[in-house]
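Let's take a friendly walk through this structure, with a look at its rings, its helices and a few backbone angles.

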Amino acid sequence: LTFLSLQGGKYHNNFFQCRNGRICVSYEKVCNLVDDCGDGSDERMCKNNFQCKSSGFYISLVQKCDGKVDCLDHSDECNEECGKEIISGLLLKILAWIISVSAVLLNAASVIRGLLIMKGKSDAALINRVLSTLINFGDLLTGFYLLLISVQDTIIMGSGYCEKLFLWLSSDRCAFLGVMNTFGSNISLFSMTLLSVFRAVQVTGKSERNCSIRWKIWGLISAVTVIISIAIPLIPLLNSLEDSFVNGMTYKDIRFFIGSANKGDHVNILGAYFGKITNPAISWRIIRNLLNLMFSNDYSKLSRSKIHFYGYDGVCLFKFFVKSDDPQKLFVWSVILINFTCGLIISLCYGVINLRARKCRKAVKCMMANNNSRREDKHSRRLQRNITWIILTDFICWVPFLTTCLFHSLEVVDATSLYSVFSIVILPINSCINPLIYDNFLRNKFNGAVRVVFRKRGKQTTAQFEMKVATRPIHNLT
């Protein structure tokens, strides 16, 4: 059955007959992302749309898998083509487990050993041990952070993470993990800086003065370092600073605000309802009050949650990647500058120590007949190797990261996709290396285990070679 309309003395086929047989709509309403028929037949065969699973609403096909949630049930972003996980990719998942377990075991052993051998130490040895233990404690927290992220990704959420994305990003667990990791990184880096300064002062000979009060001063400095280390990750979570650090709001079953809604999204909706909002710096408190006025009594218990500072990404890391229009950029770049300064101080101090060690080695070479001199030369060589590893690992981890942060901030590149790589591999790898650098006992045990493995491997290879020679047929040359 075809419906025709008479226009200008001619019949035209301008109508689409809905499958229910009761309604005809203009062809202009076919494939327009709106169910005009009521049974979806005017949109069903179209190639330009995607239908949300639970609501049945249609969105443009280009909105599918574009990184922005447009369906209430997240079906446009959580499907076979573009599902999300906290840690993407099998390789990253494996590395996360290996690095986290290694960091936890090595640093836990080092912290326990450090606490057991602190008694009976001289002032200088006690300061060295306290700062080294703080470094290991910070790295232990980093290891625990990565281990808990791996558990959350692999065991607790798995493939269901995509549908629970914004619940996770706004959760207290995510905030706790972000604070744990940031505190661990800060206490490790700051203690490493203090230890570098202390050792540089020691080798210059200036540490011999005022020995009676030296350990008290360094103890006070260490306590202040711990306070600063915990203050930095907690500042972004203060309610009084939410206008600077809250990234957005997420709502339950409110179609106006799907996914994470930032201030701009709220201003657009509220402006359409109340009239144009002229204040671009509107606060979250005012937004909440206006929303309470906007919705009827049926929505008196409006379910909403803040996407906090650590909810920038599923790994709940400190938001290092900021752009020019981010309100957090001043705070973030201040922290980055502090980290850079610490790295520079560490390099300079160990440069001084290295120069001093070289001078000692030259002096020792003139007295090589003495056994004590030989031991000093061996100790000097070991110290230089440790210094090289310290500077090299810090350079490999932090220089690429800081460079990426700078390029992302200047909008030269969009480094968002690299966030997981840095948070899971590049930055935490130091947590596995530091115990082997700063703890001689662990390093010797590790080196001994490696030698045993290679010795056994070498014996197996030799035995296999001898077996091949023994079983080789001997040809008669006559």
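Two rings of Phe, Tyr or Trp count as a pair if their centres lie within 6.5 Å, with planes over 60 degrees apart making the pair edge-to-face. Please keep in mind that this is a predicted model.

**The aromatic cluster**

A search of the whole structure turns up 17 aromatic pairs. Ring pairs join Phe 245, Phe 309, Tyr 310, Tyr 312, Phe 318, Phe 320, Phe 321, Phe 331, Phe 401, Tyr 419 and Phe 422 into a cluster. Two pairs that share Tyr 419 are worth a look.

In one of them, the ring centres of Tyr 312 and Tyr 419 are 5.1 Å apart and the planes stand at 70 degrees, so this pair is edge-to-face. It links distant parts of the chain: Tyr 312 sits in the loop between strand 9 (304-307) and helix 10 (329-365), while Tyr 419 belongs to helix 12 (residues 419-426), 107 residues apart. Tyr 312 is partly exposed, its relative accessible area being 25%, whereas Tyr 419 is buried at 1% relative accessibility.

The other pair brings Phe 321 to Tyr 419, with ring centres 4.8 Å apart and planes at 70 degrees, so it is edge-to-face. Phe 321 lies in the loop between strand 9 and helix 10 and Tyr 419 in helix 12, so the pair ties together parts that are 98 residues apart in sequence. Both Phe 321 and Tyr 419 are buried.

How enclosed is helix 12 by the rest of the structure? Six of its eight residues are buried, so helix 12 is largely enclosed. The buried residues are Tyr 419, Ser 420, Phe 422, Ser 423, Ile 424 and Val 425.

Ser 420, placed in helix 12, has a relative accessibility of 14% and therefore counts as buried, the cut-off being under 20%. Leaving aside neighbours within four places in sequence, Ser 420 is in contact with Ile 86, Leu 92, Asp 313, Val 315 and Val 425.

**Where helix 2 meets helix 13**

Now for a pair of helices. The axes of helix 2 (residues 90-116) and helix 13 (residues 429-438) come within 8 Å and cross at roughly 30 degrees. Helix 2 and helix 13 are therefore roughly parallel to each other, and their crossing is left-handed. On the helix 2 side, the contact is made by Ile 99, Ser 102, Ala 103, Leu 106 and Asn 107; helix 13 contributes Ile 429, Ser 431, Cys 432, Pro 435 and Leu 436. By class, this contact has seven nonpolar residues, three polar ones and no charged ones.

**Two positive phi angles**

Most residues other than glycine have a negative phi. Which phi values do Leu 33 and His 74 have? The table gives them.

| Residue | Phi |
|---|---|
| Leu 33 | near 70 degrees |
| His 74 | near 65 degrees |

Leu 33 is found in the loop between strand 4 (24-26) and helix 1 (41-44), and with 28% relative accessibility it counts as partly exposed. His 74 lies in the loop between strand 6 (58-60) and helix 2. At 10% relative accessibility, His 74 counts as buried.

Methods:
Residues are numbered from 1 along each chain as its sequence is written. This is a predicted model: local features need pLDDT of at least 70, side-chain atom pairs count only at pLDDT 80 or more; totals for chains, interfaces and linings use all residues. Side-chain values use heavy atoms; hydrogens and water are left out. Axes are lines fitted to C-alpha atoms, for helices over the stretch in contact, and angles run from 0 to 180 degrees between N-to-C directions. Helices (H or I, at least four residues) and strands (E, at least two) are DSSP runs, numbered from the N terminus. Angles under 35 degrees count as roughly parallel, over 145 as roughly antiparallel, 65 to 115 as roughly perpendicular and the rest as oblique. A crossing is left-handed if the near helix is turned anticlockwise from the far one by less than a right angle, and right-handed if clockwise. Contact means heavy atoms within 4.5 Å. Ala, Val, Leu, Ile, Met, Phe, Trp, Tyr, Cys and Pro count as nonpolar, Asp, Glu, Lys and Arg as charged, and the others, Gly among them, as polar. Rings of Phe, Tyr and Trp (its six-membered ring) pair if their centres lie within 6.5 Å; planes under 30 degrees apart count as stacked, over 60 as edge-to-face and the rest as tilted. Buried means under 20% relative accessible area, exposed over 50%, partly exposed in between (1.4 Å probe, protein chains only).
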